[in-house]
Amino acid sequence: RVHVASQVIRQNVEPQVIISGLVESAFRLVECISRLSGSKIIFLAVLPPTDQYFDEEYPTSGSLAERIHWVRTFNAQLSEILLKHHELRSRVLDLSEQYTQPGGSLDPKFSDGTFHYGELVREEMYRATHELSRSIP
């Protein structure tokens, strides 16, 4: 789990530098797993934050609008890179649009109270993952 805003301050760089580094790391991981196993990889997109604060153990960093933007940017960039590398047979599965409120934050009823999808989403997540996997040659 990475707090883009805190890394921006710590490293004295723009948010896009942090996001690009995360995308590159995620891509390298998917590439490595794909090449080692020969398996299709379904990368579950990072879900957007909720507009509610649930747990002091998981503090937030950055405004809600910034965090939503960063998550969308990361997911879009990783998806784009994986689509360009069809030989990896890997895709990003982004279910977030179905579970967000106006403004882009995750509807809290679909959260587990920290930073994961809750029980209400799991069945759809499994179904969508299976469907996406079958569509990849």
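1. Glu 124 sits in helix α4, which spans residues 119-135. This is a predicted model, and every point below should be read that way. The relative accessibility of Glu 124 is 18%. The cut-off for buried is under 20%, so Glu 124 counts as buried.

2. What does the side chain of Glu 124 make a polar contact with? The partner is the side chain of Arg 127, at 2.6 Å. Beyond its neighbours within four places in sequence, Glu 124 is in contact with Leu 95, Gln 98 and Tyr 99.

3. Ser 96 belongs to the loop between β2 (90-93) and α4. Buried or exposed? Ser 96 counts as buried, because its relative accessibility is 6%. Setting aside residues up to four places away in sequence, Ser 96 touches Pro 48 and Tyr 117.

4. Pro 48 is the next residue to check. Its place is in the loop between β1 (41-44) and α3. With 6% relative accessibility, Pro 48 counts as buried. Residues up to four places away in sequence are again left out of its contacts; Pro 48 then touches Val 71, Ser 96, Thr 100, Gly 104 and Leu 106. Pro 48 and Asp 107 lie 59 residues apart in sequence, yet their C-alpha atoms are 9.3 Å apart in space.

5. Now the helix packing, starting with α2 and α3. Helix α2 covers residues 15-37 and helix α3 covers residues 64-84. Their axes come within 9 Å and cross at roughly 40°. The two helices are therefore oblique to each other. The crossing of α2 past α3 is right-handed.

6. Which residues of α2 and α3 meet? From α2 come Pro 15, Gln 16, Ile 19, Ser 20, Leu 22, Val 23, Ala 26, Phe 27 and Val 30. From α3 come Trp 70, Thr 73, Phe 74, Gln 77, Leu 78, Ile 81 and Leu 82. By class, this contact has 12 nonpolar and four polar residues. Charged residues are absent from it.

7. Helix α1 (residues 4-11) also packs on α2. The angle is about 110°, and the axes are 9 Å apart. That makes α1 roughly perpendicular to α2. This crossing is right-handed.

8. On the α1 side, the residues that meet α2 are Val 4, Gln 7, Val 8 and Gln 11. On the α2 side they are Pro 15, Ile 18 and Ile 19. The contact of α1 with α2 has five nonpolar, two polar and no charged residues. Pro 15 and Ile 19 meet α1 residues; Pro 15 and Ile 19 are also among the α2 residues that meet α3.

9. Cys 32 lies in helix α2 as well. How accessible is Cys 32? Its relative accessible area is 40%, so Cys 32 is partly exposed. Cys 32 and Leu 88 are 56 residues apart along the chain, and their C-alpha atoms are separated by 9.4 Å.

10. In short, Glu 124, Ser 96 and Pro 48 count as buried, while Cys 32 is partly exposed. Helix α2 is oblique to α3 and roughly perpendicular to α1. No charged residues take part in the contact of α2 with α3 or in that of α1 with α2.

Note on methods: Residues numbered from 1 in each chain as written. Predicted model: local features only at pLDDT ≥ 70, side-chain atom pairs only at ≥ 80, totals over all residues. Heavy atoms only, no water. Axes fitted to C-alpha atoms, helices over the stretch in contact; angles between N-to-C directions. Helix = DSSP H or I, 4+ residues; strand = E, 2+ residues; numbered from the N terminus. Parallel < 35°, antiparallel > 145°, perpendicular 65-115°, else oblique. Left-handed = near helix turned anticlockwise from the far one by under 90°. Contact = heavy atoms within 4.5 Å. Nonpolar A, V, L, I, M, F, W, Y, C, P; charged D, E, K, R; others polar. Buried < 20%, exposed > 50% of the residue type's maximum accessible area, 1.4 Å probe, protein only. Polar contact = N/O pair within 3.5 Å; in protein donor to acceptor, adjacent residues only side chain to side chain.
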